[in-house]
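This note is written for a colleague meeting the structure for the first time. Please read the points below alongside the sequence and the model.

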Amino acid sequence: MNVIFQSTYYTLYQAANERCFYIDFGQKTVRMSLCQLLALRHKLMSINIEDHFDSDLNAHGFEVLMLCNKEHLFVLNTLEILDLQRLVYNSFVSLGLAVGAMETVTS
Amino acid sequence: MKDIARQSMSIKVESMDLLNGQIKMEAHASATYLAMASWCEQNGFFTSAKFFFKQAEEEREHMMKIFNFLVDTGGNPISPEVTGINHDYSSIVDVFESTLEHEVKVTKSIHNIVKKARELGDFATERFLDWFVMEQIEEENTVRDILDMIEVTGTEGVGLQMIDNKVLDWID
């Protein structure tokens, strides 16, 4: 497997022989097709991160993410969401499917 | 290293995002024209209602064209949420003026995607949008012609009835 991009908490791999990708979330590794990676990207784009700083809109600063047609469920905090966004956006750049990379948002 | 990503998808994700935005815009236009058809029916402009029913269908066809393009290129088309449709118009002139405004907005949006696709070197998206660029010229021209006809006819006396009858000329 080849590393496509590594962020602070996560790593995206390409498994050429299986024609798929893997994201290492730390506590578990999730297998994904490109379509599922696109779906994850869409979910991440739909998150309004500013809501995390308004207790009326997001009281606890968590997001529930269901991936791969509800096969996996993750509860991520603000920093983890920002880091996952960075991983996914930059991975698409590394894969040659996007042009604009995302700056580092977590350290 | 095998390029699995490129083998699975033939356009840039930035273009895909903009095209998903366009899908939403076309869906919104379709719903807006349906609201206009409803207004025309309720206010006795039956020919104009037919015109807007047809426009609503056309906008949905445009939406599906983009949706299918994203399917064909391995993208992730998103079914749009449509909210905030205006149902209130002060007159038939207001209806057609709003239509022109809407079409100009759609044209600008299409041009913006063409520009971005060109910057990204996304030739497939750029070429795909050629049809939309030409279609928008036709759409804008139709509404401009109707507004010219309204100006010539005038809205006094039987003018409104004549306007509604004349709209038939723009229904294929």
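The points below treat the basis of the model, the sheet, the interface, a helix pair and an annotated site.

1. The model is predicted: local features need pLDDT of at least 70, side-chain atom pairs count only at pLDDT 80 or more, and totals for chains, interfaces and linings use all residues. Residues are numbered from 1 along each chain as its sequence is written, while chains are lettered from A and ligands numbered from 1 in the order in which they are written.

2. In chain A, 4 strands form an open sheet in the order S1-S2-S3-S4, with antiparallel pairing. Helices (H or I, at least four residues) and strands (E, at least two) are DSSP runs, numbered from the N terminus; two strands pair if DSSP finds at least two bridges between them. Strands S1 (2-6) and S4 (29-32) of chain A stand at the edges with a single partner strand each, so one side of each has no neighbour in the sheet. From one strand to the next the twist averages 25°, angles running from 0 to 180 degrees between N-to-C directions, with axes fitted to C-alpha atoms, for helices over the stretch in contact.

3. Strands S2 (residues 11-15) and S3 (residues 20-24) of chain A pair over 5 bridges in the antiparallel sense. Ala15(A) has Cys20(A) as its bridge partner in S3(A). Helix H2 (residues 78-94) of chain A packs on the sheet, where it touches S1 and S2 of chain A. Contact between two residues requires C-beta atoms, placed from the backbone, within 7 Å.

4. Between the chains, 16 residues of chain A are in contact with 13 residues of chain B. Helix H1 (residues 34-46) of chain A gives the most to chain A's side, with 5 residues.

5. In chain B, the axes of helix H4 (residues 92-120) and helix H6 (residues 130-153) come within 9 Å and cross at roughly 160°. H4(B) and H6(B) are therefore roughly antiparallel to each other, the term for angles over 145 degrees. Among the residues making the contact are Phe96(B) and Leu100(B) of H4(B), and Val143(B) and Leu147(B) of H6(B).

6. An unreviewed UniProt entry annotates Glu26(B), Glu59(B), His62(B), Glu103(B) and Gln136(B) as "binding site"; such annotations may be inferred rather than shown by experiment. These residues span 111 residues in sequence, yet no two of their C-alpha atoms are more than 12.8 Å apart, so they gather at one spot. Glu26(B) lies in helix H2 (residues 13-42) of chain B.

Conventions. Parallel < 35°, antiparallel > 145°, perpendicular 65-115°, else oblique.
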